[in-house]
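Reader: I'm new to reading protein structures. Could you walk me through strands and pockets, please?

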Amino acid sequence: MALDLEHCAEILQAPDLVPGGRVTRVSGDTVEAILPHARTGAVYRIRNDQRDDLLAEVIGFKDHSTILAPFGTPRGIGPGQSVVPEGGTDEQKVGDEWLGRVVDALGRPLDGGPPLRGSTIIPIYAPAPNPMERHPITRPLETGVAVIDAMMTSGEGQRLGVFAGAGAGKSTLLAMLARNSDADVTVLCLVGERGREVRSFIEHTLGKEGMENTVVLVATGDNAAILRMRVAFLATSLAEYFRDQGRKVLLVMDSLTRLAHAGRELGLAAGEPPATRGYPPYVFAMLPKLVERAGNHLGSGSITAFYSVLVEGDDMTEPVADSVRALLDGHIILSRRQAEAGRFPAIDVLASLSRMAEELISPEHLQLTRRVREIFSIHAEYQDLIQVGAYRPGTNRIVDRAITLTPKLTDYFLQGRTDSRSLATTIQGLEELLVNE
């Protein structure tokens, strides 16, 4: 219930609360308070005599109350507790000492190592670069994943999405990108990940070698929505820090879908009405502000970004997937059928596309990819007839060749998570495979 003006005036007259205020209401995971001159994005400290103080960010206003999203659970918070400005939390001190470390959304170490102090202050919610200050994408980035480098070549500064349903090998593919790419620095951001899988992902999937030039930022699914949101923007700011040093940065974020879920929680808590499948308009305004920050910048390095998207029920038209695909420079679709057959990386070559590939590869390479796609396409067209035995070998020479080559090409693109393959080796192998048939 909103407070009347008289009650608000009484609260604000309390001398010990200026320039802060007082809690008036706790609802779910949000806290309401009377805060004069509050602004969205400002961070306050909620004093608690019985527990540790709680930081919270202003996300909206309702009547005469300010709505705050706590960085933790508001258990133990009640009406009348004081709220004071914290200040400085929209910025983060970072440095090269972050490399090889695992940190949370507030820049605190999660790996048991020493505190990360840093020497450079960076803004977390920085705007995207001026489009006229971006230099063109002209150089390919080798990911070490043969099927990506050969069939959907990505460039330095490009942004691609990895779209997959649950259990299609998304995390394994992202770890392969982080381990095997020729980037100078990798920033790996895990948004809303299951806590059980974080350590396993870092130690077994990413490995010690993959951690050497990598920073892992984590906000698990049990973290507050504001932290799940913050970790994605902090990871992007950290990638910008390394890019501005002239480095070639790989930003891997898993996943934009869980980030959208966090945005939905915050938007609805702030009073924004749901629009598409329960998502408020805020979510679809926030996503381009994040992904547009990746890319090349004049006079500095590059940020090549891979964002994973969880596709609900393998529906590529669901709102988040549809919106993200329009924002990115390419999409990599994982096939559940291939994953269930144990074929990894389970990339659907025909459904996947890099919009920059033709500008990055040689005419010979381009011709080779077209031949491979044609073989896969013909085999897919006749697959039903082949499976039921309705196609008779010898009827069509082109179809016969596709039937022979498709299993060989599929096997050629299989790759273990610790196996890295150069682009030159991949292209040579494809040429030999096609010429010998």
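Reader: How many bridges join strand β3 to strand β4?

Author: Strands of a sheet pair through backbone hydrogen bonds, either parallel or antiparallel. In this predicted model, β3 (residues 43–46) and β4 (residues 54–62) run antiparallel and are joined by four bridges. If you want a spot to look at, find I46, which stands opposite L54 in β4.

Reader: Now for pockets. What volume does the largest pocket have?

Author: The general idea comes first: rolling a probe the size of a water molecule over the atoms shows where empty space is left. Here the largest pocket has a volume of about 720 Å³. Its lining has 22 residues, and the closest to the centre are R337, Q338, Q383, T406 and T410. Two or more lining residues come from each of α9 (336–340), α11 (363–387) and α12 (397–412). Sorted by class, this lining has 13 nonpolar, six polar and three charged residues.

Reader: And which residues are closest to the centre of the second largest pocket?

Author: That pocket holds about 490 Å³ of space. Closest to its centre, of the 22 residues lining it, are E57, Y125, F233, Y282 and M286. The elements giving two or more residues are β4, α5 (225–243), α6 (256–269) and α7 (281–291). With four residues, α7 gives the most. By class, the lining divides into 14 nonpolar, three polar and five charged residues.

Definitions and conventions: Residues are numbered from 1 along each chain as its sequence is written. This is a predicted model: local features need pLDDT of at least 70, side-chain atom pairs count only at pLDDT 80 or more; totals for chains, interfaces and linings use all residues. Side-chain values use heavy atoms; hydrogens and water are left out. Two strands pair if DSSP finds at least two bridges between them. On a 1 Å grid over the protein atoms alone, a cavity is a set of points where a 1.4 Å probe fits but cannot get out, and a pocket is an open set with protein on both sides within 12 Å along at least five of seven lines; lining residues have an atom within 4 Å of a point. Grid points are joined across faces, edges and corners, and a volume is the space filled by probe spheres set on the points. Ala, Val, Leu, Ile, Met, Phe, Trp, Tyr, Cys and Pro count as nonpolar, Asp, Glu, Lys and Arg as charged, and the others, Gly among them, as polar.
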